[in-house]
Amino acid sequence: MGSAASKLSTTNIGTKAKAIFCIVLLLFAGAVGAMYRDNAFVFNTQDARPPPRKSLHRVHRRRPPGSELLPRGIVQKTTNFEMATSLTGNPERQKDTAPPPKKSLLAVPVGAKNKPVVDKLVSKFLDAGGFTVMLFHYDGAVEKWADLEWSNRAVHVAARRQTKWWFAKRFLHPDVVADYEYVFLWDEDIEVDAFNPARYLDVVRREGLEVSQPALDRRSEIHHAITTRKLIPTKDVHRRALDTRCHADSAGPPCVGWVEMMVPVFSRAAWRCTWKMIQNDLIHGWGIDYKLGYCAQGNRARNVGVVDTEYVLHRGDPMLSDGDKAAPSKSRGAVRWRSNKEMKMFNRRWEEAAAEDSSWPDPYAAQPATASST
């Protein structure tokens with residue numbers, strides 16, 4: 001009897017202890033929850049769990065790719081081609097190397113054989129003020145330019161037998177040229193006796209041109225009527241051509257919203273778009289001119305134009321050839337064959353991309369090119 005009573009008493013005590021323990025545990029859990037809600041409870045950093053994946057994604061989405069692990073204030077997303085004036089001194093007292101807000105960039109592929117023409121071209125831009133100059137040396141002969149007064153003020157990049165568009169894709173990334181208001185991406189065989197860069201930019205700004213080019217002197221090598229200077233210009237800019245292919249109702253390139261790739265000028269926003277359209281492996285850039293209107297930041301019939309009041313002469317000198325492997329005429333023909341092949345490839349890629357991207361509305365679907373670029 002005594003043994004049975006003792007067992008019963010022990011059982012009751014154990015039950016009560018368990019109940020008390022559960023109550024204490026519940027109270028402690030509630031207190032922890034309250035402190036967590038009030039941000040009063042801090043876990044040890046070694047034991048803390050990482051934030052939910054969704055919140056990390058949300059935070060990273062607001063930061064430039066590659067900078068997710070860095071504090072915001074240390075990140076510099078863009079750069080430029082402005083040169084340091086000294087390798088010594090106190091950097092805190094030196095002037096900022098960023099260009100002024102309205103500085104533009106002139107980038108030209110060059111060979112030493114065209115040095116006199118390029119000298120006049122670059123000098124005209126530098127004398128106008130507000131320009132940084134970058135030369136792409138496709139013959140590798142950088143040292144042959146050292147005797148020119150302005151050579152040390154230009155940025156020189158050398159890669160043998162590469163094209164303007166190869167250089168542009170690799171060295172004119174939008175984040176690198178973001179500090180420049182306009183990008184002039186010109187050929188080297190351009191005479192600028194009748195051209196004033198400052199007045200040209202005045203016209204471009206006033207007319208709201210995002211993609212433009214100076215008109216071509218009628219003595220130039222001309223491929224499309226829209227690039228030709230009007231006989232008697234009545235306006236600063238023309239945006240349409242009328243000839244055997246282009247009529248009053250023509251709404252697409254090369255009759256409307258079109259410039260040639262020989263002397264194009266891009267606004268900052270237009271270049272960011274155009275750069276993304278340049279294909280890494282299509283080095284001659286043929287076919288892109290028919291699509292530049294898509295980068296015009298609005299209506300291509302309005303925002304793309306040819307400036308008549310400031311014009312240039314295109315000499316039509318052959319530049320790149322296939323090294324010394326063939327006679328110049330044969331080599332130039334081979335280059336032209338590849339250029340045409342690249343244009344067909346680019347057009348095919350465009351058509352496939354447009355068909356695959358159901359979310360992309362083509363603003364010019366009802367305004368196809370007047371003359372086929374294939």
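Here, buried means under 20% relative accessible area, exposed means over 50%, and partly exposed is in between (1.4 Å probe, protein chains only).

## What you are looking at

This is a predicted model, where local features need pLDDT of at least 70, side-chain atom pairs count only at pLDDT 80 or more, and totals for chains, interfaces and linings use all residues. Residues are numbered from 1 along each chain as its sequence is written, and side-chain values use heavy atoms, with hydrogens and water left out.

## Salt bridges

A salt bridge here is a side-chain nitrogen of Lys or Arg within 4 Å of a carboxyl oxygen of Asp or Glu. That rule gives a count of 15.

One of them pairs Asp147 with Lys115, at 2.6 Å from N to O. Lys115 belongs to helix 3 (residues 115-128), while Asp147 sits 32 residues away in the loop between strand 2 (131-137) and strand 3 (155-158). Helices (H or I, at least four residues) and strands (E, at least two) are DSSP runs, numbered from the N terminus. Lys115 is buried at 17% relative accessible area, whereas Asp147 is exposed at 59%.

Next up is Lys164 with Asp187, at 2.8 Å from N to O. Lys164 is in helix 4 (residues 164-171), and Asp187 is in the loop between strand 4 (182-185) and strand 5 (190-191), 23 residues apart. Lys164 is buried at 6%, and Asp187 is buried at 13%.

Then there is Glu181 with Arg205, also a salt bridge, at 2.8 Å from N to O. Glu181 lies in the loop between helix 4 and strand 4 and Arg205 in helix 5 (residues 197-207), so this pair ties together parts 24 residues apart in sequence. Asp202 joins Glu181 and Arg205 in a network of salt bridges.

## Disulfides

What is a disulfide? It is a covalent bond between the sulfur atoms of two cysteines. The cut-off used here is a pair of cysteine sulfur atoms within 2.5 Å, and searching the whole structure turns up two.

The link of Cys246 and Cys255 is left-handed, with -75 degrees about the S-S bond. Cys246 is buried at 4%, and Cys255 is buried at 0%.

Cys273 and Cys295 make another, with 2.0 Å from S to S. Cys273 sits in helix 6 (residues 268-277) and Cys295 in the loop between helix 6 and helix 7 (300-303), 22 residues apart. Cys273 is partly exposed at 28%, but Cys295 is buried at 1%.
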